[in-house]
Amino acid sequence: CAGGRALSPLDHPGGGGVGDGGDACLAQGIDHADHDAMRDLGVGVDGGQTRALGGDGRGALALLRETAALFPDRAAVLDPAMRRSFAEALAQETPLGAVALHDANPELLPAGAEGVAALAVLAERLMALDLPGRALTLLREAMQRAPAGEHRAALGARLAHLHLSERENAAAATTLAASAAPDLPDTLRLERAILAARATGRGEA
């Protein structure tokens, strides 16, 4: 960074913000939008923190939380950066660590498709560890967050399949009904029809 050592999150900017020519470093794991948010506050990270945070979603989240606590009136500026760092941390943690992080910070899950994708990926990782109970919860949340349409229908099919594997036929049928959508691709429509037949006892278990 230019202009000497950037301010630590524990330093008060003291008038050294952007308008006053102040400078801020940015961890490699924090993108330009995060940099801008922190720069607006006159807050940066020094070289040691930069190295420690390179690609570290959890570390970036902790830094941004600390900054928001120091400057509560600007917390809204940092909120998008915190949500991005949270999503990165979910992908980087072990499956069980990611679940714990999600449960402790559900309000930070990104809105829209990014949040839905993060939940779906985490659910798949849990299923790979043979933890269907937690996977069901996360897939259900992902489906409920997704707007009506093909993506929601695909999540519903995945969730219904998992319900059927747990012999929860009624829950599978309810899931398929809640995720129904018109004009689906033929492959997805056929998959959902087979799942519906199984859920109602008209297909092979």
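At roughly what angle do the axes of helix H5 and helix H7 cross? Select residues 95–104 for H5 and residues 132–145 for H7. In this predicted model, the two axes cross at roughly 50° and come within 12 Å. That angle makes H5 oblique to H7. The crossing in which H5 passes H7 is left-handed.

Now display the side chains at this crossing. By class, the contact of H5 with H7 consists of three charged, two nonpolar and one polar residues.

**The whole chain**

Zoom out to view the entire protein chain. It holds ten helices and zero strands, and from the N terminus on its elements run α-α-α-α-α-α-α-α-α-α. The chain has 205 residues, of which 43% count as buried. Consider next the contacts between residues at least 6 apart in sequence: 58% of these join residues at least 24 apart.

**Helix H5 and its surroundings**

Return to H5 and colour its buried residues. These are Pro95, Gly97, Ala98, Val99, Leu101 and His102. Which helices do the buried residues of H5 pack against? They pack against H3, H4 (75–92), H6 (112–128) and H7.

In general, two packed helices are described by the angle between their axes and the distance between the axes.

Select H4 together with H5. Their axes are 7 Å apart, and the helices pack at an angle of about 150°. Because an angle over 145 degrees counts as roughly antiparallel, H4 is roughly antiparallel to H5. Phe86, Ala89 and Leu90 of H4 make this contact with Ala98, Leu101 and His102 of H5. The contact of H4 with H5 has five nonpolar residues, one polar residue and no charged residues.

**A threonine in helix H3**

Move to helix H3, residues 57–70, and select Thr67 within it. Is Thr67 buried or exposed? Its relative accessible area is 1%, so Thr67 is buried. Display Leu63 as well: its backbone oxygen lies 2.9 Å from a polar atom of the Thr67 side chain.

**Helices H8 and H10**

Next, select helix H8, residues 150–165, together with H10. Their axes cross at roughly 35° and come within 10 Å. This crossing is left-handed.

Show the side chains that meet here:

- In H8, the residues are Glu150, Ala153, Ala154, Gly156, Ala157, Ala160, His161 and Leu164.
- In H10, the residues are Leu188, Glu191, Arg192, Leu195, Arg198 and Ala199.

Sorted by class, the contact of H8 with H10 has eight nonpolar, four charged and two polar residues.

**The last selection**

Remain on helix H10, residues 186–199, and select Ala193. Its relative accessibility is 45%, and therefore Ala193 counts as partly exposed. Finally, select Leu176 and draw a line between the two C-alpha atoms. Ala193 and Leu176 are 17 residues apart in sequence, and their C-alpha atoms are 9.2 Å apart in space.

Key: Residues numbered from 1 in each chain as written. Predicted model: local features only at pLDDT ≥ 70, side-chain atom pairs only at ≥ 80, totals over all residues. Heavy atoms only, no water. Helix = DSSP H or I, 4+ residues; strand = E, 2+ residues; numbered from the N terminus. Buried < 20%, exposed > 50% of the residue type's maximum accessible area, 1.4 Å probe, protein only. Polar contact = N/O pair within 3.5 Å; in protein donor to acceptor, adjacent residues only side chain to side chain. Axes fitted to C-alpha atoms, helices over the stretch in contact; angles between N-to-C directions. Parallel < 35°, antiparallel > 145°, perpendicular 65-115°, else oblique. Left-handed = near helix turned anticlockwise from the far one by under 90°. Nonpolar A, V, L, I, M, F, W, Y, C, P; charged D, E, K, R; others polar. Contact = heavy atoms within 4.5 Å.
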